[in-house]
Amino acid sequence: MIIYNRTEYKALSTRQYSKEKKRLQVELLKLEEWVIKNNKRVGIVLEGRDAAGKGATIKRFIENLIPKTMRVVELGVPTSAQNRMWFKTYDKLLPQKGEIVFFDRSWYTRGLIQPAMGYCTDRQYNYFMKNVNDWEKKHIDGGLLLIKFY
């Protein structure tokens, strides 16, 4: 039998929140500096339901970063060309050397949202599910550092 310890969480005061936010933003600036200096490619994916706070979270992440070395990608309803070439669409959006890209939702919408919304066919969905792991592995093996938040 497994017994889990009960942990109580206390909300941060405004002062504590500001102090912690500043500390974390300094760490993000260090990451950005490292990415630039070492020509790294960092993709940060935020996935979640509508109104889950993805956009607000990205806003907090990027508010002190250097705009020319980071981007935010958010695709709406896919065009017919994007729908036919789903992986190629994202190949073009992945970070370049020395860049951080934040994805407000990502390629995973093909498997998570599009089938329910009727934006892709069963064939397109099955193709995605069969190939997504290999596609990601190819990019990671090619130097992409991928961070995912769900």
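## Val-73 and strand β2

Val-73 is buried, at a relative accessible area of 7%. Buried means under 20% relative accessible area, exposed means over 50%, and partly exposed lies in between (1.4 Å probe, protein chains only). Val-73 sits in strand β2, residues 70-73. Helices (H or I, at least four residues) and strands (E, at least two) are DSSP runs, numbered from the N terminus.

Val-73 touches Leu-93, Val-101, Phe-102, Phe-103, Asp-104 and Arg-105, with residues up to four places away in sequence not counted. Contact here means heavy atoms within 4.5 Å. Val-73 and Val-101 are 28 residues apart in sequence, while their C-alpha atoms are 7.0 Å apart in space.

## Model and overall layout

This is a predicted model, in which local features need pLDDT of at least 70 and side-chain atom pairs count only at pLDDT 80 or more, while totals for chains, interfaces and linings use all residues. Residues are numbered from 1 along each chain as its sequence is written, and side-chain values use heavy atoms, with hydrogens and water left out.

The protein has 7 helices and 4 strands. Along the sequence they follow the pattern α-β-α-β-α-α-β-α-α-α-β. The C-alpha atoms fill a box of roughly 50 × 50 × 30 Å, taken along the principal axes. Of the 150 residues, 33% count as buried. Among contacts between residues at least 6 apart in sequence, 75% join residues at least 24 apart.

## The loop between β3 and α5

Arg-105 and Ser-106 belong to this loop. It runs between β3 (99-104) and α5 (109-112). Arg-105 is one of the residues touched by Val-73. Arg-105 counts as buried, at 18% relative accessibility. Its phi is positive, about 70°, although Arg-105 is not a glycine. Most residues other than glycine have a negative phi.

Ser-106 is at 0% relative accessibility, so it counts as buried. Its side chain makes a polar contact of 2.4 Å with the side chain of Glu-47. A polar contact is a pair of N or O atoms within 3.5 Å; within protein, one must be able to donate a hydrogen and the other to accept it, and residues adjacent in sequence count only if both atoms are side-chain atoms. Leaving out residues up to four places away in sequence, Ser-106 touches Val-45, Glu-47, Trp-86 and Tyr-90.

## Helix α4 against helix α7

Trp-86 and Tyr-90, both touched by Ser-106, are also among the α4 residues that contact α7. Helix α4 covers residues 86-93 and helix α7 covers residues 122-141. Their axes come within 11 Å and cross at roughly 25°. That makes α4 roughly parallel to α7. Axes are lines fitted to C-alpha atoms, for helices over the stretch in contact, and angles run from 0 to 180 degrees between N-to-C directions. Angles under 35 degrees count as roughly parallel, over 145 as roughly antiparallel, 65 to 115 as roughly perpendicular and the rest as oblique.

The crossing is right-handed. That term applies if the near helix is turned clockwise from the far one by less than a right angle; anticlockwise is left-handed. From α4, the contact uses Trp-86, Phe-87, Tyr-90 and Asp-91. From α7 come Tyr-127, Phe-128, Asn-131, Val-132, Trp-135, Lys-138 and His-139. These residues divide into 7 nonpolar, 2 polar and 2 charged. Ala, Val, Leu, Ile, Met, Phe, Trp, Tyr, Cys and Pro count as nonpolar, Asp, Glu, Lys and Arg as charged, and the others, Gly among them, as polar.

## Gln-114 in helix α6

Gln-114 lies in helix α6, residues 114-117. Gln-114 counts as buried, at 2% relative accessibility. A polar contact of 2.7 Å joins its side chain to that of Arg-110. Leaving aside neighbours within four places in sequence, Gln-114 is in contact with Pro-78, Asn-83, Trp-86, Thr-109, Tyr-119 and Cys-120.

Glu-20 is found in helix α1, residues 14-37. Glu-20 is partly exposed, at 32% relative accessible area. Glu-20 and Ile-140 are 120 residues apart in sequence and 31 Å apart in space, C-alpha to C-alpha.

Asn-38 and Asn-39 lie in the loop between α1 and β1. Asn-38 counts as partly exposed, at 34% relative accessibility. Asn-38 and Lys-97 are 59 residues apart in sequence, with 8.4 Å between their C-alpha atoms. Asn-39 is partly exposed too, at 48%. Phi of Asn-39 is near 50°, a positive value in a residue other than glycine.
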